[in-house]
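Subject: Structure handover

Hello,

Please find the structure below. My notes on what was found in it follow.

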Amino acid sequence: MSDWIKVGKLSDIPRQGSRIINSDEGDIALFRTIDDEVFALRDECPHEKGPLSQGIIHGKNVTCPLHSWVISLEDGCALPPDEGCATHFPVKLEDKNVFLKY
Ligand code: FES
């Protein structure tokens, strides 16, 4: 895992929305909650690789657009009764700039 990389500004991500970062390891989805927290997960649902970036964000969770599993943005894991985790990545905000480690 590399050092912190600046990937944009908080305002680049819509509230309760997402933005995709293309990395060598595949697409990473940045999610912004209604409280302006930012989380990063690989843009693949642990179920059948649905695009989590197109899901609905509620609280600190995202509901997958394909079969409605609910995935925690904090650790990338599905809420019970479903099982499995999407890779999650460390994110930090500094002066409204978003930094990611991947
Ligand atoms: S692919 Fe996400 S719930 Fe099925």
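Gln16 is partly exposed, at 40% relative accessibility (buried means under 20% relative accessible area, exposed over 50%, and partly exposed in between, with a 1.4 Å probe and protein chains only). Gln16 sits in the loop between β1 and β2 (17-23); strands are DSSP runs of E with at least two residues, numbered from the N terminus. The phi angle of Gln16 is near 55°, a positive value in a residue other than glycine.

Before going on, note that this is a predicted model, in which local features need pLDDT of at least 70 and side-chain atom pairs count only at pLDDT 80 or more, while totals for chains, interfaces and linings use all residues. Residues are numbered from 1 along each chain as its sequence is written, and side-chain values use heavy atoms, with hydrogens and water left out.

Asp95 also has a positive phi, near 50°, and is a residue other than glycine. Asp95 is found in the loop between β9 and β10 and is exposed, with a relative accessible area of 74%.

Next, Arg32. This residue belongs to strand β3 (residues 26-32) and counts as buried at 11% relative accessibility. Among the residues that Arg32 touches are Leu10, Ile13, Arg15, Gln16 and Ile57; contact here means heavy atoms within 4.5 Å. The side chain of Arg32 also reaches the backbone oxygen of Ile13 at 2.8 Å.

Which residue does the side chain of Arg32 meet in a salt bridge? The partner is Asp36, at 2.8 Å from N to O. A salt bridge is a side-chain nitrogen of Lys or Arg within 4 Å of a carboxyl oxygen of Asp or Glu. Side chains of opposite charge can pair when their charged atoms come close. Both Arg32 and Asp36 are buried. Arg15 joins Arg32 and Asp36 in a network of salt bridges.

How many salt bridges does the structure hold? There are 6. One of them is formed by Glu74 and Lys60, whose closest N and O atoms are 3.7 Å apart. Glu74 lies in the loop between β7 (70-72) and β8 (88-89), and Lys60 in the loop between β5 (56-58) and β6 (61-63), so this pair ties together parts that are 14 residues apart in sequence. Glu74 is partly exposed at 47% relative accessibility, and Lys60 is partly exposed at 33%.

Glu94 and Lys92 form another salt bridge, with 3.1 Å between the closest N and O atoms. Here Glu94 is partly exposed at 38% relative accessibility, and Lys92 is partly exposed with a relative accessible area of 26%.

Glu94 leads on to a sheet. In β10, Asn97 is the residue that stands opposite Glu94. Strands β9 and β10 (residues 97-100) pair in the antiparallel sense over 4 bridges; two strands pair if DSSP finds at least two bridges between them. These strands belong to an open sheet of 3 strands in the order β1-β10-β9, with antiparallel pairing. Why is one side of β1 and of β9 left without a neighbour in the sheet? Strands β1 (5-9) and β9 (91-94) stand at the edges, and each has a single partner strand, so one side of each has no neighbour there.

Arg42 is in strand β4 (residues 38-42). Arg42 is buried, with a relative accessible area of 15%. Its contacts, not counting residues up to four places away in sequence, include Glu25, Asp27, Leu52, Ala86 and Phe89.

Last, the cysteines and one proline. The structure holds 1 disulfide, a term that stands for a pair of cysteine sulfur atoms within 2.5 Å. A disulfide is a covalent bond between the sulfur atoms of two cysteines. Here the bond joins Cys77 to Cys85, with 1.9 Å from S to S. The link of Cys77 and Cys85 is right-handed, with 95° about the S-S bond. Cys85 is partly exposed at 46% relative accessibility. Cys45 is buried at a relative accessible area of 5%, and Cys64 is buried at 3%.

The peptide bond from Pro80 to Pro81 is cis, with omega near 10°. Pro81 lies in the loop between β7 and β8.

Regards

Note on methods
Polar contact = N/O pair within 3.5 Å; in protein donor to acceptor, adjacent residues only side chain to side chain.
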